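Colleague: Please take me through the side-chain contacts here, one part at a time. I would like a close look at the aromatic residues, and then at whatever they lead on to.

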Amino acid sequence: MSSTEEETLMILPKKKFKILNLFWIILFVVGLVVSTKVTKTSLGALFANFSQFADIFLQMLHPNWSYLGAVIPLILETIKMAILGTVIGSILAFVYSLLIARNIVKNKAVTGILRVIMNIIRTVPDLLLGAIFVAIVGIGPVAGILALAICTFGIVVKLFYEAIETIDPGPIEALTAVGANKLQIIVFAVLPQVMTYFISYCLYAFEINVRASTVLGYIGAGGIGLYLQETLQVFDYPKTGTIIIAIILVVVLIDYVSSKSREALMK
Amino acid sequence: MADSAVKPVIELKNVKKVYGKDVVGLKDINLTINKGEFVVIVGLSGAGKSTLLRSINRLIDITEGDILINGESITKAKGKELRMLRRNIGMIFQSFNLVKRSSVLRNVLTGRVGYYPTWKSTLNLFTKEDKQRAYDALQQVDLADKVYTRADELSGGQQQRVAIARVLTQDPDIILADEPTASLDPQTSRRVMQDLKMLNEKHGMTVVINLHSVELAQEFGKRVIGVRAGEIIYDGKMSETPKETFDQIYSGGDQDE
């Protein structure tokens, strides 16, 4: 090696500038500008109507406490919907995840097709699901529960099958060698490794469901959303304020309990 | 080893294994192992020891040839038949392969799973007898005080001994051990080898072990099989095997040492 070569190696070489990166940056900026133009987004509108917003907000800050008596039963119904939806969806997700985990079902055609179906289900937003079920089973909490069940399924199935695929394959091998059949392998080698994850994902889905179920009533799928819509329609903001405060309290409380339990679980 | 009185328990006939299209794992292996033998397979990593061992209980499917366990073809066995044959072959792994979140007892009991119908084992309905059997096995490997400990709280050597207790509970005729000491320190390794020797001498199980360490092979093995590049290049009694043979087995290896 010559001395000049050695010298050049002593200095940190400059990172090569990539022209392609510049291209991407320009593309994104142009894309942003064009899309604001096309959708006629204007921040000005938000500020122009700010006084109106402040007015509503002030009214909400003086909640109508006497309304609480009417709110509580519906809040309870909302929570019940969330629980039922979570349980139904989680059970479905549990079975389905085992069928699409490639370390359990070796047939790529089966897992492939089931995964496409899963992805289609996952793309449908909860409010649309609610609307569909209201059309099928009619107005009421049943529609909400079914919508939440499908949502839960979408969340839990994805997280859970990925957890299954990352387990230690050793115990599966050991159980195979012992002469166990597929179900026994699942019960003895797979589930002990993933059950805590499953419970944790169910709690996570429950947190999301409590929040989602509060709006489902808006489209007639049961729960507190119904009152939210009614009071907003007649501009009775003190009542709306009561509902929102109640919702926030419940959501915060459930989030807290749920995340603490998940932490304890993972220890 | 052609003693007419002894019965062959493992027979490999023209066994060939090809990975993918052209990576040869095993080339035309013929091997007979008799009841009660303590066989040590030595060779460089990548020589095909693991493939050889795992093809015996069909954790790896072979490409050509046939493997007989007590005269029955495991190569052709399907479903329940295959599981019955496997039930009779215990296995010890380099990485122990315990369920870390489960208790020691439950891990040992999994050795019996092959004897139960699905619903019974799923509901954890092991008989009192089998629980006692599992506990006895733990006593034999000196881990009786750890019955209800979670497996991941044990040291590596203890975990391997739990695996041995699992095999003992399974009560097979054959034991395959794939590098059982590779992740253990020398003293623990010796302890594990002694336990395997106990399974061979006290319980009459046929033991086949893949080993890296020449010293352990010489100390414990009764029959040596040398494997290189997917072929058996040596097969003989340990007492008649000179040191040079080991050098030969481990030489010419551009594999990875």
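Modeller: Start with A:F50, A:F53 and A:F57, which form one aromatic cluster. Keep in mind that this is a predicted model. Over all chains, the structure holds 12 aromatic pairs. One of them joins A:F94 and A:F160: the ring centres are 5.7 Å apart and the planes meet at 20 degrees, so this pair is stacked. Stacked needs planes under 30 degrees apart. Now place the two rings. A:F94 sits in helix α5 (residues 68–100) of chain A and A:F160 in helix α8 (residues 141–165) of chain A, so the pair ties together parts that are 66 residues apart in sequence. A:F160 has 0% relative accessibility, so this residue counts as buried.

A second pair has another geometry. A:Y96 and A:F153 are edge-to-face, with 5.2 Å from centre to centre and 80 degrees between the planes. Edge-to-face calls for planes over 60 degrees apart. Look at the helices again. A:Y96 lies in helix α5 of chain A and A:F153 in helix α8 of chain A, so this pair ties together parts 57 residues apart in sequence. The cut-off for buried is under 20% relative accessible area. A:Y96 counts as buried, because its relative accessibility is 13%. A:F153 has a relative accessible area of 7%, so A:F153 is buried.

Stay in helix α8 of chain A, where A:T152 is found. A:T152 is at 0% relative accessibility, so A:T152 counts as buried. Its side chain makes a polar contact with the side chain of A:N209, at 2.7 Å. Leave aside the neighbours within four places in sequence. The residues in contact with A:T152 then include A:G85, A:T86, A:G89 and A:S90. A:V157, A:A205 and A:N209 are also among them.

Next, charges. The count over all chains comes to 22 salt bridges. In one of them, the side chains of A:E207 and A:R262 meet at 3.1 Å, N to O. This pair links distant parts of the chain: A:E207 is in helix α10 (residues 182–216) of chain A, and A:R262 is in helix α12 (residues 237–265) of chain A, 55 residues apart. The two ends differ in class. A:E207 is buried, because its relative accessible area is 6%. A:R262 is at 21% relative accessibility, so A:R262 counts as partly exposed.

Move to chain B. B:D61 forms a salt bridge with B:R58, and their closest N and O atoms are 2.7 Å apart. B:D61 is partly exposed, with a relative accessible area of 45%. B:R58 is buried, at 17%. Another salt bridge joins B:R133 and B:D130, with the closest N and O atoms 3.3 Å apart. These residues are three apart in helix α5 (residues 128–140) of chain B, so about one helical turn separates them. B:R133 counts as partly exposed, at 31% relative accessibility. B:D130 is buried, with a relative accessible area of 5%.

Chain B also has charges over rings. B:K17 lies over the face of B:Y19, at 5.0 Å from the ring centre. B:R112 lies over the face of B:Y115, at 3.8 Å from the ring centre.

Now see where the chains meet. The contact takes 28 residues from chain B and 22 residues from chain A. The area buried between chain B and chain A is about 2,100 Å², and carbon and sulfur atoms give 59% of this area. In chain B, B:R83, B:V99 and B:R101 lose the most area to chain A, together 26% of what that side buries. The rule finds two salt bridges across this interface. The side chains of B:K100 and A:D168 meet in a salt bridge, at 3.5 Å from N to O. Between chain B and chain A, seven residue pairs are in polar contact. A network of salt bridges links A:E173, B:R54 and B:D178.

Finish with the backbone. Most residues other than glycine have a negative phi. B:N97 has a positive value, near 55 degrees. B:N97 lies in the loop between β6 and α3 (104–109) of chain B. At 3% relative accessibility, B:N97 counts as buried. B:E179 has a positive phi too, of about 50 degrees, although it is not a glycine. B:E179 lies in the loop between β7 (174–178) and α7 (186–203) of chain B. B:E179 counts as buried, at 11% relative accessibility.

Notes: Residues are numbered from 1 along each chain as its sequence is written. Chains are lettered from A and ligands numbered from 1 in the order in which they are written. This is a predicted model: local features need pLDDT of at least 70, side-chain atom pairs count only at pLDDT 80 or more; totals for chains, interfaces and linings use all residues. Side-chain values use heavy atoms; hydrogens and water are left out. Rings of Phe, Tyr and Trp (its six-membered ring) pair if their centres lie within 6.5 Å; planes under 30 degrees apart count as stacked, over 60 as edge-to-face and the rest as tilted. Helices (H or I, at least four residues) and strands (E, at least two) are DSSP runs, numbered from the N terminus. Buried means under 20% relative accessible area, exposed over 50%, partly exposed in between (1.4 Å probe, protein chains only). A charge sits over a ring if NZ of Lys or CZ of Arg is within 6 Å of the ring centre and within 35 degrees of the ring normal. Contact means heavy atoms within 4.5 Å. Buried area is the accessible area (1.4 Å probe) that two parts lose on being put together, summed over both. A salt bridge is a side-chain nitrogen of Lys or Arg within 4 Å of a carboxyl oxygen of Asp or Glu. A polar contact is a pair of N or O atoms within 3.5 Å; within protein, one must be able to donate a hydrogen and the other to accept it, and residues adjacent in sequence count only if both atoms are side-chain atoms.
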